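User: I would like a close look at a single part of this model. Please keep to what can be computed from the atoms.

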Amino acid sequence: MQRKTLTLALGLLVAGAVAGDAGAVKLRAGDLLITAHGGFTPRVLPRDHDAPITLHGGGRISTISGQLPPILETISLEYDRHGSVERRGLPVCTAGELQTTTVATARRICRGSIVGRGRGRAIVKFPGQAQFPISSPITLFNGPRKHGNDTVIAHAYTTVPVATAFVVPIEIKRIHKGVYGYRTDTRIPEIADGYGVPVAGSLKIGRKWTYRGERLSFVNARCANGRLQAQGRFEFDDGTRLVGTFLRFCGVRS
């Protein structure tokens, strides 16, 4: 199928000014509808050095016609270079430790490595059967370094059609691309033997801890030019590709 490309510049500040930081932005590509929201706190940061922040966001995939949307296959995100990931003193959890684990078991055995939590939702449509929803908590764990880069490991769990743990390592790559300094590429695992369609997800990343008397945060940022910026690329199994630039203004701490 011929690939369809839609490039979107999302002024999330505009939506935020109207509806607050939780305000949603709606995007449309043909029949496909994406509703996205997100941001970070605090919004006032130092200009010349990183400070702790919490990231939060989510989105929903649907269609104007009411039919099931195409299957989301990959998410690639590029992040503002005015930020950093901190891991000192944080325990590491490996993909091997999380294999075949339920959500409760994964969070118990790697409790000290949790850096984020959220939830994912999907619709399952087996041939000849009525569709039905499934969902799972999502947990992000601090993972081992790969190619010299930091990693996180995403974990989810479902019992449809059989008990399955989803374990997805995500490498945080360093890049040099203008305002962007980091990149992650995530391939969405096949759900319910390929009959599951991802329709919604949310995530909050904000782990804080104390190491050798110093208070640390997994995610940090500074307000060097009045805004923080990210770019997302979302690719679907029908060839649709959406590229969006997400902007949020920040204030400078005096």
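By class, how many nonpolar, polar and charged residues does the lining of the largest pocket have?

Analyst: This is a predicted model, in which local features need pLDDT of at least 70 and side-chain atom pairs count only at pLDDT 80 or more, while totals for chains, interfaces and linings use all residues. Residues are numbered from 1 along each chain as its sequence is written, and side-chain values use heavy atoms, with hydrogens and water left out.

The lining of the largest pocket has six nonpolar, two polar and four charged residues. In this scheme Ala, Val, Leu, Ile, Met, Phe, Trp, Tyr, Cys and Pro are nonpolar, Asp, Glu, Lys and Arg are charged, and the others, Gly among them, are polar.

A pocket here is an open set of points on a 1 Å grid over the protein atoms alone, where a 1.4 Å probe fits, with protein on both sides within 12 Å along at least five of seven lines; lining residues have an atom within 4 Å of a point. The space in the largest pocket is about 150 Å³, where a volume is the space filled by probe spheres set on the points, and grid points are joined across faces, edges and corners.

Two strands each supply at least two residues of this lining: strand S7 (72-80) and strand S14 (196-205). Strands (E, at least two residues) and helices (H or I, at least four) are DSSP runs, numbered from the N terminus.

A cis peptide bond, with omega of about -5°, joins Thr-41 and Pro-42; Pro-42 lies in the loop between strand S3 (32-41) and strand S4 (44-45). Another cis bond runs from Val-160 to Pro-161, with omega near -5°, and Pro-161 is in the loop between strand S11 (149-158) and strand S12 (164-177).

Thr-100 is not a glycine, yet has a positive phi of about 65°. Thr-100 sits in the loop between helix H2 (95-98) and helix H3 (103-109) and is exposed, at 72% relative accessible area (exposed means over 50%, buried under 20%, partly exposed in between, with a 1.4 Å probe and protein chains only).
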